[in-house]
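Keep the structure open as you read.

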Amino acid sequence: MVERFVRPRLGFYWYLFEPVAIFILAFFLAWVIFDTPELLSGLKTFEWGNGLVTILATFVGAMSAFLLESGRERKAQSNKDLASGRLIFFKLSRMVNRLTNIKRGYVDPYRDHSARCLEIPALLAIDANDPGMDMDSLHFMFVRHANLLGEISIAKDQFQSVIELINERSRFMREEIQPKLKAANVPQEFNIEIGRLNQILGPGNLQEAVNLANQLVESLDRIELQVLEVTNRFGAALSSYFPSIRLSISLMEITDGAKQNADGPAAA
């Protein structure tokens with residue numbers, strides 16, 4: 001396969017004076033190749049007026065073309081960076097929205113119940129890797145906001161961990177707890193003694209259900225706020241690169257949206 005030659009990017013100021021450097025190099029080569037007296041004689045009879053105009057026109061033309069192309073490249077890169085930033089903000093917002101909807105729709109109604117470990121519903125499996133985020137697309141922020149990008153990666157890992165916890169608890173409830181409750185005809189109010197419930201569920205299963213429910217409530221409360229905070233900090237950081245945009249999200253907006261949208265969280 002023939003490799004295509006890629007012109008190296010040497011910096012703005014080099015390209016600015018590149019035509020001058022080329023002219024000086026060409027003059028030096030002419031000085032070396034031709035005899036010096038003949039070159040000096042030719043320079044004396046050379047019509048410098050027309051020559052300087054030609055050189056100046058060439059320089060200005062090359063300079064204008066370079067500046068125009070450079071401006072286009074910077075504009076295209078800026079638009080690409082803005083799109084990448086907006087996409088990451090949107091995906092962070094989706095993470096907050098998913099956690100908030102699960103908490104408000106499935107956990108909060110049973111938060112203060114004594115039997116919440118059994119009453120919080122089991123959800124269908126949720127993809128812990130959705131939404132995925134390409135952190136490399138935020139390369140333009142690495143110099144000034146490296147710590148923030150690291151916190152975004154940590155928030156993404158925390159989000160995945162709580163989704164995995166939800167999936168594990170839901171699996172445990174469906175496979176270990178609910179079949180035994182149904183077989184024993186335990187009422188939905190769970191008006192039953194702890195000792196009897198332990199016998200129905202089997203050794204250690206009730207305590208495991210309690211532990212998973214407590215972890216779920218604590219993790220949802222903590223990680224929801226963590227992802228929300230880093231999302232808004234990221235939106236503020238983007239404004240320092242693109243002053244025309246203002247990106248933020250609040251739990252009140254998510255709650256209002258959930259009331260208008262009866263679909264619930266993306267858990268099914």
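**A buried alanine and its surroundings**

A209 is buried, with a relative accessible area of 1%. Buried means under 20% relative accessible area, exposed means over 50%, and partly exposed lies in between, with a 1.4 Å probe and protein chains only. The model is predicted, so local features need pLDDT of at least 70 and side-chain atom pairs count only at pLDDT 80 or more, while totals for chains, interfaces and linings use all residues. Residues are numbered from 1 along each chain as its sequence is written, and side-chain values use heavy atoms, with hydrogens and water left out.

A209 sits in helix 8. Helices (H or I, at least four residues) and strands (E, at least two) are DSSP runs, numbered from the N terminus. Which residues does A209 touch, not counting residues up to four places away in sequence? They are C117, L118 and F172. Contact here means heavy atoms within 4.5 Å. A209 and C117 are 92 residues apart in sequence, yet their C-alpha atoms are 5.5 Å apart in space.

Now step back to the whole protein. It has 9 helices and 0 strands. From the N terminus on, the elements run α-α-α-α-α-α-α-α-α. Of the 268 residues, 35% are buried. Among contacts with a separation of 6 or more, 79% join residues 24 or more positions apart.

**The core**

The largest nonpolar core holds 56 residues. Such a core is a set of buried Ala, Val, Leu, Ile, Met, Phe, Trp, Tyr and Cys residues joined through side-chain atoms within 4.5 Å. M141, I152 and F234 touch the most other members. Two or more residues come from each of helix 4 (48–107), helix 5 (116–119), helix 6 (146–183), helix 7 (194–201) and helix 8 (205–241). Helix 8 gives the most, with 15 residues.

Look at M141 in particular. Leaving out residues up to four places away in sequence, M141 touches A146, L149, F234, A237, L238 and Y241.

**Helix 6 against helix 8**

Two packed helices are described by the angle between their axes and the distance between the axes. Helix 6 and helix 8 pack at an angle of about 155 degrees, with their axes 9 Å apart. Axes are lines fitted to C-alpha atoms, for helices over the stretch in contact, and angles run from 0 to 180 degrees between N-to-C directions. Helix 6 and helix 8 are therefore roughly antiparallel to each other. Angles under 35 degrees count as roughly parallel, over 145 as roughly antiparallel, 65 to 115 as roughly perpendicular and the rest as oblique.

The crossing of helix 6 and helix 8 is left-handed. That means the near helix is turned anticlockwise from the far one by less than a right angle; clockwise would be right-handed. The contact of helix 6 with helix 8 has 20 nonpolar, 6 polar and 7 charged residues. Ala, Val, Leu, Ile, Met, Phe, Trp, Tyr, Cys and Pro count as nonpolar, Asp, Glu, Lys and Arg as charged, and the others, Gly among them, as polar.

S219 is in helix 8. Is S219 buried or exposed? S219 is buried, with a relative accessible area of 11%. Apart from neighbours within four places in sequence, S219 is in contact with V162, L165 and E224.

**Helix 6 against helix 7**

The axes of helix 6 and helix 7 come within 9 Å and cross at roughly 110 degrees. These two helices are therefore roughly perpendicular to each other. Their crossing is right-handed. I177, K180 and L181 in helix 6 meet L197, I200 and L201 in helix 7. By class, this contact has 5 nonpolar, no polar and 1 charged residues.

Follow I200, in helix 7. At 14% relative accessibility, I200 counts as buried. I200 and L181 are 19 residues apart in sequence and 7.1 Å apart in space, C-alpha to C-alpha. Beyond its neighbours within four places in sequence, I200 is in contact with K180, A184, V186 and I192.

**Two backbone details**

Most residues other than glycine have a negative phi, and most peptide bonds are trans. The peptide bond from D130 to P131 is cis, with omega near 5 degrees. P131 lies in the loop between helix 5 and helix 6.

N185 is in the loop between helix 6 and helix 7. The phi of N185 is near 55 degrees, a positive value in a residue other than glycine. At 67% relative accessibility, N185 counts as exposed.
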